[in-house]
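Please look at the sequence and the model first.

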Amino acid sequence: MQFFGGTEISPSPPAPTASGNNAHMLYIFNRNGVALLYREWNRPLKTLSPQQDHKLMFGLLFSLKSLTAKMDPTSADKGNLGVPQLPGQGCSFHSFRTNTYKLSFMESPSGIKLILVTHPKTGDLRDSLKYIYNLYVEYVVKNPLYSPGTPISCELFNKTVDQYVRGLG
Amino acid sequence: MAPAAPKSGDAIFASVDRVNAELFTLTYGAIVRQLLTDLEEVEEVNKQLDQMGYNMGVRLVDEFLAKSNVTRCVDFRETTEVIAKVGFKMFLGVTASVTNWDSEGTTCSLILEDNPLVDFVELPDNCQGLHYCNILSGVVRGALEMVSMKTEVAWLRDMLRGDDVFELQVKLLKQVPEEYPYKDDE
């Protein structure tokens, strides 16, 4: 298994500023809606079973992506809402904020979706999500014991992600 | 803060871990030899190499996307350019060129003049049907499938059979848009 040290991951992680956990949850989905990873650090209110929660989250983002693409005032595409998007078309949204939390989203062209829910004052987390995507590549994709499309059960990956998220300002 | 701009192939190649080129070539050669001994039929070996490449491509695409920072390609032309210039450079250390576009823009050829897999290799007479580099066609097919493009990839010219370059034909069959995976009543 490839080890982490020595490989230059881009971008380099932001220096840890605050202590304590700022993030609430992290989800990683693949293109078929399978929840590859769900990490929870601070979630006082739970209303749904984990399966329902994952489905809700995936469905929410799928619809949001579609909606934001259709409402794009700069695009010339006049397709109907609900028509599946070809990859490459449409703009991509990256976060939404409420008065109690901020949800940051990143989707790779291969369909891996990363969702990080943090407190509302968090800044732009796009680089952090990219860094977590790099971690996913190093620890999960390159792991010969991992079959693509199944939930991740690599302890080292979980620990590294926990450590990284803890350092996010 | 704006996302970082895509890196060029050379920059990424310099930053990833590399192995000795001879080790790579000889290891690949050993794999092909072992497959020939195990499977005996040249066609079976071709298929197995393609399948191995496919499994590799499915994982390799995430590493490529993470390290190279490319945004979504708008069309197939841009995709093949990125594969030839950034992808091949990053993983094999050589760039390919893209030519022979057909009129609809769905088929093209990737030309490789220099291929690290075939250094020191000569095909013996009883293996003339072997596509020695078939793993590459599997990798391209697997990687493109993970970005929603179903393709057919085949070798047109092969230096081990006497041609002057390696020519890999990539044909786009269809783009598969993302479908909502859950049934509505669940």
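Q: What share of the contacts in chain A with a separation of 6 or more is between residues 24 or more positions apart?
A: Contact means heavy atoms within 4.5 Å. In chain A of this predicted model, residues 24 or more positions apart account for 54% of the contacts with a separation of 6 or more.

Residues are numbered from 1 along each chain as its sequence is written, and chains are lettered from A and ligands numbered from 1 in the order in which they are written. Because the model is predicted, local features need pLDDT of at least 70 and side-chain atom pairs count only at pLDDT 80 or more, while totals for chains, interfaces and linings use all residues; side-chain values use heavy atoms, without hydrogens and water.

Q: How many helices and strands does chain A have?
A: Helices (H or I, at least four residues) and strands (E, at least two) are DSSP runs, numbered from the N terminus. Chain A has three helices and five strands, in the order β-β-α-β-β-β-α-α from the N terminus.

Q: What makes E1 and E2 of chain B a pair?
A: Two strands pair if DSSP finds at least two bridges between them. E1(B) and E2(B) (residues 107–112) have three bridges, in the antiparallel sense, so they meet the definition. Thr99(B) has Ser109(B) in E2(B) as its bridge partner.

Q: Why are E1 and E3 of chain B called edge strands?
A: The open sheet has the order E1-E2-E4-E3 in chain B. Strand E1 (97–99) and strand E3 (149–157) of chain B each pair on one side only.
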